[in-house]
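Me: Hi! I've just opened a protein model and I'd like to walk through it with you. Can we take it piece by piece?

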Amino acid sequence: MNSFLRRSPLLLTLIAVLFPSLVHAHVGIGHTSGLLHGFTHPVSGLDHICAMVAVGLWAAQRGGRFVWLVPLGFVGVMAVGGFLGMAGVSAPFVEEGMVVSVLLLGVLIAAAARLPLVASVIIVGLFAIFHGHAHGAEMPQTASGFAYGAGSMLATASLHAVGIFIAVAIRRMGQLHLARFAGGAIALCGIYLCFA
């Protein structure tokens with residue numbers, strides 16, 4: 001897991017070298033590559049930030065294969081939801097689903113819930129549909145769908161990594177109860193979002 005965190009900058013550099021058109025966020029007259037717009041969408045809303053950090057935190061709280069399979073499941077299903085949103089396919093209760101994701105993920109972390117791997121991936125996948133649909137539906141008309149989606153997925157993975165980093169730091173300090181407090185704070189954000 002530590003090797004994954006150390007390799008993340010290398011991976012991002014490799015992506016930038018191999019796919020320079022993804023990195024070049026050119027804003028001109030009626031043209032946008034979309035990467036920057038895609039990246040900023042997940043990091044510009046409290047609901048997205050809390051949910052995506054929570055996925056990483058909850059996955060790392062369990063450890064082992066959960067650390068990479070749960071976030072990977074979220075990002076993969078989010079891409080499907082994003083495609084549906086870009087295609088104009090309507091989905092019911094998107095906003096409510098995102099708020100519930102923050103609340104429930106916070107509760108799962110606060111309770112240190114130890115669900116089976118498949119159940120954990122299904123739960124985050126369900127929430128990922130809502131978040132992905134919101135990302136895709138809000139894509140600017142001038143943006144490249146591929147670049148926008150790549151930016152959104154990169155931001156999401158980065159937020160998952162933040163959650164994983166927090167959990168690892170808490171574990172190294174030997175203060176495992178702090179992860180539960182963080183889950184409680186996330187759940188409180190979910191309650192706030194219910195009334196915002």
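Me: Where does A112 lie?

Reply: A112 lies in the loop between α6 and α7. Helices here are DSSP runs of H or I with at least four residues, strands are runs of E with at least two, and both are numbered from the N terminus. Before we go on, this is a predicted model, where local features need pLDDT of at least 70, side-chain atom pairs count only at pLDDT 80 or more, and totals for chains, interfaces and linings use all residues. Residues are numbered from 1 along each chain as its sequence is written, and side-chain values use heavy atoms, with hydrogens and water left out.

Me: Thanks! What is the phi of A112?

Reply: A112 has a positive phi of about 50°, although A112 is not a glycine.

Me: And how accessible is A112?

Reply: A112 counts as partly exposed, at 26% relative accessibility. Buried means under 20% relative accessible area, exposed means over 50%, and partly exposed is in between (1.4 Å probe, protein chains only).

Me: What about F93, what is its phi?

Reply: The phi of F93 is near 60°, a positive value in a residue other than glycine. F93 sits in the loop between α5 (66–86) and α6.

Me: Is F93 buried or exposed?

Reply: F93 is exposed, with a relative accessible area of 59%.

Me: Changing topic: how do α6 and α7 pack?

Reply: Two packed helices are described by the angle between their axes and the distance between the axes. Helix α6 (residues 94–110) and helix α7 (residues 117–137) pack at an angle of about 140°, and their axes are 9 Å apart. That makes α6 oblique to α7. Angles under 35 degrees count as roughly parallel, over 145 as roughly antiparallel, 65 to 115 as roughly perpendicular, and the rest as oblique. The axes are lines fitted to C-alpha atoms, for helices over the stretch in contact, and angles run from 0 to 180 degrees between N-to-C directions.

Me: Which residues make the contact?

Reply: Among them are V94, G97 and M98 of α6, and I123, V124 and F127 of α7. Contact means heavy atoms within 4.5 Å. By class, the contact of α6 with α7 has 11 nonpolar, 4 polar and no charged residues. Ala, Val, Leu, Ile, Met, Phe, Trp, Tyr, Cys and Pro count as nonpolar, Asp, Glu, Lys and Arg as charged, and the others, Gly among them, as polar.

Me: At what angle do α4 and α6 cross?

Reply: Helix α4 (residues 46–62) and α6 cross at roughly 35°, and their axes come within 9 Å. Residues in this contact include W58 and Q61 of α4, with L105 and I109 of α6. The contact of α4 with α6 divides into 11 nonpolar, 3 polar and 2 charged residues.

Me: Now α8. Is T156 buried or exposed?

Reply: T156 is buried, with a relative accessible area of 0%. T156 is in helix α8 (residues 145–173). Leaving out residues up to four places away in sequence, T156 touches P42, M52, F74, V75, M78 and H135.

Me: And how far apart are A157 and V53?

Reply: A157 and V53 are 104 residues apart in sequence and 9.2 Å apart in space, C-alpha to C-alpha. A157, also in helix α8, is partly exposed, with a relative accessible area of 36%.

Me: Last one: how many helices and strands does the chain have?

Reply: The chain comes to 9 helices and 2 strands. Buried residues make up 41% of its 196 residues.
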